[in-house]
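User: I'd like to learn how to read the features of a fold from its coordinates. Could you take me through one model, step by step?

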Amino acid sequence: MDITRRNFLLKTASVSGLAAVLAANEGLWKPLLAASPETEASSNQAASQNTTRNGDMLYRNLGSTKEQVSVLGVGGHHIGRQKDEQESIKIIHSAIDRGINFMDNSWDYHNGGSEIRMGKALQDGYRQKVFLMTKIDGRTKESAAQQIDESLKRLQTDHVDLMQFHEVIRMEDPDRIFAPGGAMEAMQEAQKAGKVRYIGFTGHKDPLVHLRMLQVAAENKFRFDTVQMPLNVMDAHFRSFGNQVLPTLVKEQIGVLGMKSMGDQIILKSNTVTPIECLHYAMNLPTSTVITGIDSMKILDQAINAVRTFKPMSEEQVSDLLARTATAAAKGQYELFKTSNRFDSTAKNPKWLG
């Protein structure tokens, strides 16, 4: 990035940390950027090595696995919000028919309601068309094993493609999961039994917790297949998963699952960005898929339109988004999942941890 332009952005945004944010992310954006007419061809060629288009949908490699997943995934919590479950099923079917193959869910969403609805939607051949992921909260072997089996029953399948440890948001969570008699023992037994293909973890609180989870895994000679975390236009400025965790995942070829691109619509209340810009920014990072909440056919149309219109963003476009959001993002007031317990379901229901 040109030093003069970087200084100009600093002055116009009036945020002293913006240059550091831009510099930290620049290396990650380069493979996906069409930065200038001179480098556009080479940049797009680099991006195409990991991205293929089929109709309106884009597909990317899931880390070092041989799986190809849609660049957008259907968020499991939102498809449990409809009053009529038939509306949920309609949304899921339409998403799959339009090319989205990544399905997100969790054992605890709507007390199992989201999994039940998705299980019904994936009948009649739809299960074979998707990469199915769900999550468990259990930290003990016993609680984790019970939740794994309950999820499979609700989803009406004998296996999921990816199972993740949900809400790794406390510094002690990694220790509990990897302890003797911990949840990892149940997860690996489920994998050996064919109930789980790949293993990952998710969290939204602080990048330091993610880094500790990766460290404890390495100490136990275990490598996660995927990691899920918030990646959005605000994250770059405050306790940033993109700055602190993403480089490690890219280096180790671990599948990156982006979430909270709009922070459950809260980021949009800042009046600094549009929904399409939020999705484009997250898709422009080296994400395998960006899981987004789709609670209506209108929002599904918006998500499909975001993919259809997506092109690798230029440095100027990225810089503009970061400059626009810098002030609003500085204290995390639009990322409440980081700064409050509003999104911490296991904090409100500690018994789920076991």
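This is a predicted model: local features need pLDDT of at least 70, side-chain atom pairs count only at pLDDT 80 or more; totals for chains, interfaces and linings use all residues.

User: Which bridges should I look at?

Analyst: Start at E6 (131-136). Two bridges pair E5 with E6 in the parallel sense, and Met-103 has Leu-132 of E6 as its bridge partner.

User: What is the handedness of the crossover from E5 through H5 to E6?

Analyst: A crossover is right-handed if, with the strands pointing away from the viewer, the path from the first strand over the helix to the second runs clockwise. The β-α-β crossover from E5 through H5 to E6 is right-handed. E6, H6 and E7 also make a right-handed β-α-β unit.

User: Is E6 largely enclosed or open to the outside?

Analyst: Buried means under 20% relative accessible area, exposed over 50%, and partly exposed in between (1.4 Å probe, protein chains only). In a regular strand, side chains alternate between the two faces of the sheet. In E6, Phe-131, Met-133 and Lys-135 are buried on one side, and Leu-132, Thr-134 and Ile-136 are buried on the other. Six of the six residues of E6 are buried, so the strand is largely enclosed by the rest of the structure.

User: What is Thr-134 in contact with?

Analyst: Contact means heavy atoms within 4.5 Å. Thr-134 has 0% relative accessibility. Leaving aside neighbours within four places in sequence, its contacts include Asn-105, Trp-107, Glu-115, Leu-162 and Gln-164.

User: Which residues of helix H5 are buried?

Analyst: In H5 (residues 113-121), they are Ser-114, Glu-115, Arg-117, Met-118, Gly-119 and Ala-121. Their cover includes H4 (85-97), E5 (102-103), E6 and H6 (141-155).

User: Which residues touch the most other members of the largest nonpolar core?

Analyst: A nonpolar core is a set of buried Ala, Val, Leu, Ile, Met, Phe, Trp, Tyr and Cys residues joined through side-chain atoms within 4.5 Å. The largest one has 86 residues, and Ile-100, Met-103, Phe-165, Phe-178, Met-187 and Phe-224 touch the most other members. Apart from it lies another core, of nine residues, including Leu-62 and Met-133.

User: How many aromatic pairs are there?

Analyst: Rings of Phe, Tyr and Trp (its six-membered ring) pair if their centres lie within 6.5 Å; planes under 30 degrees apart count as stacked, over 60 as edge-to-face and the rest as tilted. That rule gives eight aromatic pairs. In one of them, Phe-222 and Phe-224 have ring centres 5.0 Å apart and planes at 80°, so the pair is edge-to-face. Phe-222 is buried at 14%, and Phe-224 is buried at 1%. Phe-178, Phe-201, Phe-222 and Phe-224 form one aromatic cluster. Another edge-to-face pair joins Phe-337 and Phe-343, at 6.1 Å centre to centre and 80° between the planes.

User: Where do Asn-111 and Asp-264 lie?

Analyst: Asn-111 is in the loop between E5 and H5, and its phi is near 55°, a positive value in a residue other than glycine. Asn-111 is exposed, with a relative accessible area of 66%. Asp-264 lies in the loop between E10 and H12 (275-284). Asp-264 has a positive phi of about 60° and is partly exposed at 29%.

Definitions and conventions:
Residues are numbered from 1 along each chain as its sequence is written. Side-chain values use heavy atoms; hydrogens and water are left out. Helices (H or I, at least four residues) and strands (E, at least two) are DSSP runs, numbered from the N terminus. Two strands pair if DSSP finds at least two bridges between them.
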